[in-house]
Amino acid sequence: FDELLGTIQTKTDAAGNVATLKRSAPTRPRVTTEVTEEGFPTFNSDAIRIDFPSETERFEVIPGEGEKVVNYAIMPPDSFDVWGHVELLVKDGVPTSLLDIEINKSGRGEGVGRKVMEALLAANPDADLNISNIVHEARGFWAKMGVPEQNRAAGEAYDGTLNWQTYADAV
């Protein structure tokens, strides 16, 4: 029952009055996925476009069988402005790892990072998405998305994993 309604909590004020608070689970956005001639998926929702895929390389990633490192532009759904970019490890047309995400100044504070995560996770709700190399400056963002912070030395990065359910439980 709580899965349908979200988490239910009770709070008691100083006078002893009990209030019931319900946090509704986020609604999974409708995401359209198309595959380019090169075989790379693109992701489009009412809130964001993750588009114009381009195969690239990262020195710390050696793609396995069926895997490609792909860089995408992050854009509004209805224009060609660029809010940033995201690099994904894609296996057989499905993102398996988020390797890097960079939001331009124009997109910061506007929920662009959250919209990217919602689109990627909603497009493949049962798939796990590895979040690679979480740096100190991004720990708060990833904790809000559902990746618990880890006890690491200053400057040391860590990895995490998300899927639609872990994301929905966190936000």
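## Helix 2

Helix 2 is mostly covered, with 10 of its 12 residues buried, where buried means under 20% relative accessible area, exposed means over 50%, and partly exposed lies in between (1.4 Å probe, protein chains only). Helices here are DSSP runs of H or I with at least four residues, strands are DSSP runs of E with at least two, and both are numbered from the N terminus. The buried residues of the helix are V112, G113, K115, V116, M117, E118, A119, L120, L121 and A122. The 12 residues of helix 2 should span 16 Å at 1.5 Å a residue, and this agrees with the 17 Å between its end C-alpha atoms; the expected span is 1.5 Å times one less than the number of residues.

The model is a predicted one, in which local features need pLDDT of at least 70 and side-chain atom pairs count only at pLDDT 80 or more, while totals for chains, interfaces and linings use all residues. Residues are numbered from 1 along each chain as its sequence is written, and side-chain values use heavy atoms, with hydrogens and water left out.

## Overall architecture

The chain holds four helices and 10 strands, and along the sequence these follow the pattern α-β-β-β-β-β-β-β-β-α-β-α-β-α. Of the 171 residues in the chain, 35% are buried. Among contacts (heavy atoms within 4.5 Å) between residues at least 6 apart in sequence, 45% join residues at least 24 apart.

Eight strands form an open sheet of mixed pairing in the order 3-4-5-6-7-8-9-10, two strands being paired if DSSP finds at least two bridges between them. Strand 3 (32–35) and strand 10 stand at the edges, and because each has a single partner strand, one side of each is left without a neighbour in the sheet. From one strand to the next, the twist averages 25°, with axes taken as lines fitted to C-alpha atoms, for helices over the stretch in contact, and angles running from 0 to 180 degrees between N-to-C directions. Helix 2 packs on this sheet, touching strand 3, strand 4 (41–44), strand 5, strand 6, strand 7, strand 8, strand 9 and strand 10, and its direction makes about 170° with that of strand 8.

Strand 7 and strand 8 run antiparallel and are joined by eight bridges, with E87 having D100 in strand 8 as its bridge partner. Two residues lie between the strands of this hairpin of strand 7 and strand 8, in which D92 takes a positive phi near 50°. Strand 8 in turn pairs with strand 9 in the parallel sense over two bridges, and the bridge partner of S97 in strand 9 is N130. Strand 9 and strand 10 pair in the antiparallel sense over four bridges, and I134 stands opposite Y158 in strand 10.

## The nonpolar core

The largest nonpolar core has 33 residues, of which Y72, I74, L98, M117, I131 and W142 touch the most other members; such a core is a set of buried Ala, Val, Leu, Ile, Met, Phe, Trp, Tyr and Cys residues joined through side-chain atoms within 4.5 Å. At least two residues of this core come from each of strand 6 (67–75), strand 7 (84–91), strand 8 (94–103), helix 2 (112–123), strand 9 (129–134), helix 3 (139–145), strand 10 (158–162) and helix 4 (164–170). Helix 2 supplies the largest share, seven residues. Leaving aside residues up to four places away in sequence, M117 touches L98, L129, I131, F141, W142, M145 and L162.

## Individual residues

P76, in the loop between strand 6 and strand 7, is buried, with a relative accessible area of 8%. P76 and A47 are 29 residues apart in sequence and 6.7 Å apart in space, C-alpha to C-alpha. Not counting residues up to four places away in sequence, P76 touches R49, D81 and W83.
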